[in-house]
Amino acid sequence: MQFQQLQYFVAVAETRHFTRAAERVHVSQPSLSQQIRALEKELGAELFSRARGNIALTDAGEALLPLARRILADADTARHEVQELAQLRRGRVRLGATPSLCTGLLPDVLRAFHDLHPGIELLIEEGGSHDLVRELARGALDLALVVLPLPTPSPALTTVELLQEDLVVVSSAASPAPRRPVRIADLQGEPLVMFRHGYDLRELTVAACRAEGFEPAFTVEGGEMDAVLGFVRAGLGLAVVPRMVAARAGRDLRVTALARPGLRRTIALAHRSDVAPPRAARELQRLLLRTRAAAQQDPATDA
């Protein structure tokens with residue numbers, strides 16, 4: 001009994017027509033009929049009644065049909081599982097993340113993932129949450145780390161909260177130490193180094209200042225994360241950054257907590273709802289979810 005013969009048998013049983021069955025499995029009708037006859041000869045029983053051109057299952061055919069379907073389903077499962085394992089050796093993951101997460105959270109996570117799956121290619125795209133949501137929607141990314149709430153909520157996306165992270169104030173270690181802890185209101189009149197438009201951190205910081213009744217004063221604006229930290233090191237002003245970024249910033253920056261209630265942001269892992277991420281992406285997703293508790297541990301600050 002050959003696997004191909006069972007495919008042909010099921011096709012005839014479901015279509016009740018040899019020509020349509022042959023079209024379904026992409027073979028000629030004589031070839032399909034020949035294989036069905038060979039299967040019947042091997043089993044020692046006719047599988048179809050062909051009276052007057054009407055195709056019907058015999059008792060033997062009725063008995064074989066559920067077994068054949070199960071064998072074919074098991075074969076598909078086996079093929080799928082092997083392909084999934086192959087993806088973990090030679091696959092790729094297209095991950096989007098905000099620049100601050102590329103600096104703070106991802107280096108350790110990606111290192112751990114690479115150690116587990118060295119054959120997986122990691123493609124990282126930095127951008128604001130709005131841009132990443134758009135890239136997910138058009139299928140250019142498998143996963144994205146975004147800041148909630150999303151600028152434009154999308155029912156086509158599934159989001160899982162990963163962690164909540166405090167924001168802190170960083171200043172040059174050579175500058176006078178600010179009062180500890182710093183209130184948002186204390187930033188009024190202080191020179192701030194500000195991220196470019198489209199950064200989630202920019203929108204969050206500006207909104208917090210306006211809620212306290214003032215517009216923040218920028219000495220430099222328009223930078224990416226590394227540039228902002230560099231400008232702060234040079235003494236050009238203060239910046240509000242995620243705690244994980246500050247923990248990696250080095251000793252030449254002073255880290256000061258914000259007074260309660262402070263500022264927090266919610267990081268979520270997002271993927272399309274209508275398409276399951278590939279196996280390699282799901283492995284990275286599981287690793288991110290396992291490490292979120294560790295990511296929420298507070299590094300020491302000056303507060």
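The model is a predicted one, in which local features need pLDDT of at least 70 and side-chain atom pairs count only at pLDDT 80 or more, while totals for chains, interfaces and linings use all residues. Residues are numbered from 1 along each chain as its sequence is written, and side-chain values use heavy atoms, with hydrogens and water left out.

The protein has 11 helices and 11 strands; these are DSSP runs numbered from the N terminus, with helices (H or I) of at least four residues and strands (E) of at least two. Its C-alpha trace spans about 95 × 35 × 30 Å along the principal axes. The radius of gyration is 30 Å, whereas a compact globule of 303 residues would have a value near 19 Å. For this comparison the radius is taken over C-alpha atoms, and the globule rule is 2.2 Å times the number of residues to the power 0.38.

Buried residues account for 44% of the 303 residues, where buried means under 20% relative accessible area, exposed over 50%, and partly exposed in between (1.4 Å probe, protein chains only). The accessible surface comes to about 15700 Å², and carbon and sulfur atoms supply 50% of this area. Such areas come from the Shrake-Rupley method with a 1.4 Å probe, and for residues only the protein chains shown count as cover. Of the contacts (heavy atoms within 4.5 Å) between residues at least 6 apart in sequence, 77% join residues at least 24 apart.

Five of the six residues in β3 are buried, and the strand is mostly covered. It runs parallel to β4 (residues 121-126), to which six bridges join it, and also parallel to β5 (residues 143-148), with three bridges. Strands are taken to pair if DSSP finds at least two bridges between them. G96 can be followed on both sides: its bridge partner in β4 is E125, and in β5 it stands opposite A144.

H117 lies in the loop between α6 (106-116) and β4. This histidine counts as buried because its relative accessibility is 14%. Leaving aside residues up to four places away in sequence, H117 touches L88 and E283. The C-alpha atoms of H117 and L284 are 9.7 Å apart, although 167 residues separate the two in sequence.

The backbone also holds a few features worth a look on screen. Most residues other than glycine have a negative phi, and most peptide bonds are trans. R16, in the loop between α1 (3-15) and α2 (18-25), has a positive phi of about 55° although it is not a glycine. R16 counts as partly exposed because its relative accessibility is 37%, while H26 counts as exposed because its value is 72%.

Two cis peptide bonds can be located as well. One runs from L148 to P149, with omega near -5°, and P149 sits in the loop between β5 and β6 (157-172). Another runs from R260 to P261, with omega near 5°; P261 belongs to the loop between β10 (253-257) and β11 (264-272).
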